[in-house]
Amino acid sequence: MVEAQQMLREGVSFWGIDLRNVGDLAVRAEKLADAKAFLESCQAYSSPGKLKNLRYAASEISVHAEAVRTLGLMEAVRDFVARQGATAHWLSLAETVLPAEHEWVKRVRAARQEFESAIRGADLPRLPEEFERLSGTLRPFKREFITLYMDLHTRARLGVNDDKRKSTLLTDPRLQTLQRLAGIELMPRQQLTDFQNRLAGLKSCFALTERDLDASPICPHCGFRPQTESVVAGGVMLAQLDKTLDDVVTSWTSALLANLEDPITRHNLDLLAPKDAQAVADFVASRSLPDPLDSDFVQALREAFSGLVRVAASLHDLDQTLVGDHGAATVDELRGRFESWIDKLLKGKDRQKARIVLESGAHENNENQENG
């Protein structure tokens, strides 16, 4: 009796629903208090002999029958919460793992709203039936989520074989070539940084089991949350990054060759040591980087480009300058904006020696402008 009163007073939460407000349970709390006082007064009649002196009429006793039935209902509520509360909490947490617009999330929320409406409108004697009906829907939702999550996790995380491919890329000679060339001031180093960040962002996890998810809807090994992470297949990403590595090496090679053909650079080549000058000449002739790429060759390129000035420019700033909020523009307007952007970028610099390197970020460009 005391426990039932406490439940009604403090509330019983299930799946975010306060079951205390179901039907007129709260109103019945007053009747429980009267019934409690009545039953306590009956403790004095502890033997058949004492019952002969019972001072209550049948009508006074029967008035508390409703309270006894309320106790039965409260027992059903408590039993239901004890049996299904953990699953409901699990589902509530699972909702936060998937994007809010995911079809599974929408169906779970609709089921919860339907359940809340059903129990609020149900006759109290039928409350246990509603509880049993809901019990039959919770477990399928959980099983469906586990299957869904396992599939997303498999796609978003690297398995054993893909983890080995990632390790191979981390030590790939092409990447090592780019890392050495990044020491040359004219190189668009942001491309290398972006590549390394994307590769590092691919996480490996091949320990997740359905038993893990039965305890919690989040992988205990890597904390994968589809709501905030990409679910592009790791194997696909690795293939893209492998191709990107080829593209960046090709792009940087072309940039080096183009700058070596510059008149200022040609003059500097005459100042190199014969061995270094020959290495650079062989590179220009073959149109391919030496393999392996040693530090002497990189230093020779640094010296050859020493007369040139690297000017880092932000692609974001360029986009804002040309497009921004201006809307449609004529050819002359667009050309004017671009030339103004170039003038601002090269202010105080020798245009003949300046080499603009477009970067994806704005931070480095700002620093160069301040130092320039």
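Me: In this predicted model, is Trp15 buried or exposed?
Reply: Trp15 has a relative accessible area of 5%, under the 20% cut-off, and therefore counts as buried. The residue lies in the loop between β1 (13-14) and β2 (17-18).

Me: Which charged residue has its end over the ring of Trp15?
Reply: The residue is Arg112, whose charged end sits over that ring at 5.5 Å from the ring centre.

Me: Which residues have the most contacts inside the largest nonpolar core?
Reply: In soluble globular proteins, nonpolar side chains tend to be buried together. Here the largest nonpolar core has 37 residues, and those with the most contacts inside it are Phe14, Trp15, Leu19, Trp104 and Tyr149. Helices α5 (65-97), α6 (103-121) and α7 each supply at least two residues of this core. The largest share, 11 residues, comes from α7. There is also a second, separate core of 35 residues, which includes Leu175, Leu178, Leu186 and Val248.

Me: With which residues is Tyr149 in contact, leaving aside neighbours within four places in sequence?
Reply: With those neighbours left aside, the contacts of Tyr149 are Val97, Leu208, Leu213, Pro217, Ile218, Cys219, Phe224 and Pro226. Beyond neighbours within four places in sequence, His153 is in contact with Cys205, Leu208, Cys219, Cys222 and Phe224. His153 is buried, with a relative accessible area of 4%.

Me: How many aromatic pairs are found in the whole structure?
Reply: A pair of aromatic rings is described by the distance of the centres and the angle of the planes. A search of the whole structure finds 10 aromatic pairs. In one of them, Trp90 and Phe145 are edge-to-face, with 5.3 Å from centre to centre and 90 degrees between the planes. This pair links distant parts of the chain, as Trp90 in helix α5 and Phe145 in helix α7 are 55 residues apart. Trp90 is buried at 4% relative accessible area, and Phe145 is buried at 0%. One aromatic cluster is formed by Trp90, Trp104, Phe141, Phe145, Tyr149 and Phe224.

Me: At what angle do α6 and α7 pack?
Reply: Two packed helices are described by the angle between their axes and the distance between the axes. For α6 and α7 the angle is about 175 degrees, and the axes are 11 Å apart. Because this angle is over 145 degrees, α6 is roughly antiparallel to α7. Among the residues that meet are Trp104, Val108 and Phe115 in α6, and Leu134, Phe141 and Phe145 in α7.

Me: How many helices and strands has the protein chain?
Reply: The protein chain has 18 helices and four strands. Of its 372 residues, 36% count as buried. Among contacts between residues at least 6 apart in sequence, 77% join residues at least 24 apart.

Definitions and conventions
Residues are numbered from 1 along each chain as its sequence is written. This is a predicted model: local features need pLDDT of at least 70, side-chain atom pairs count only at pLDDT 80 or more; totals for chains, interfaces and linings use all residues. Side-chain values use heavy atoms; hydrogens and water are left out. Buried means under 20% relative accessible area, exposed over 50%, partly exposed in between (1.4 Å probe, protein chains only). Contact means heavy atoms within 4.5 Å. A nonpolar core is a set of buried Ala, Val, Leu, Ile, Met, Phe, Trp, Tyr and Cys residues joined through side-chain atoms within 4.5 Å. Rings of Phe, Tyr and Trp (its six-membered ring) pair if their centres lie within 6.5 Å; planes under 30 degrees apart count as stacked, over 60 as edge-to-face and the rest as tilted. A charge sits over a ring if NZ of Lys or CZ of Arg is within 6 Å of the ring centre and within 35 degrees of the ring normal. Axes are lines fitted to C-alpha atoms, for helices over the stretch in contact, and angles run from 0 to 180 degrees between N-to-C directions. Angles under 35 degrees count as roughly parallel, over 145 as roughly antiparallel, 65 to 115 as roughly perpendicular and the rest as oblique.
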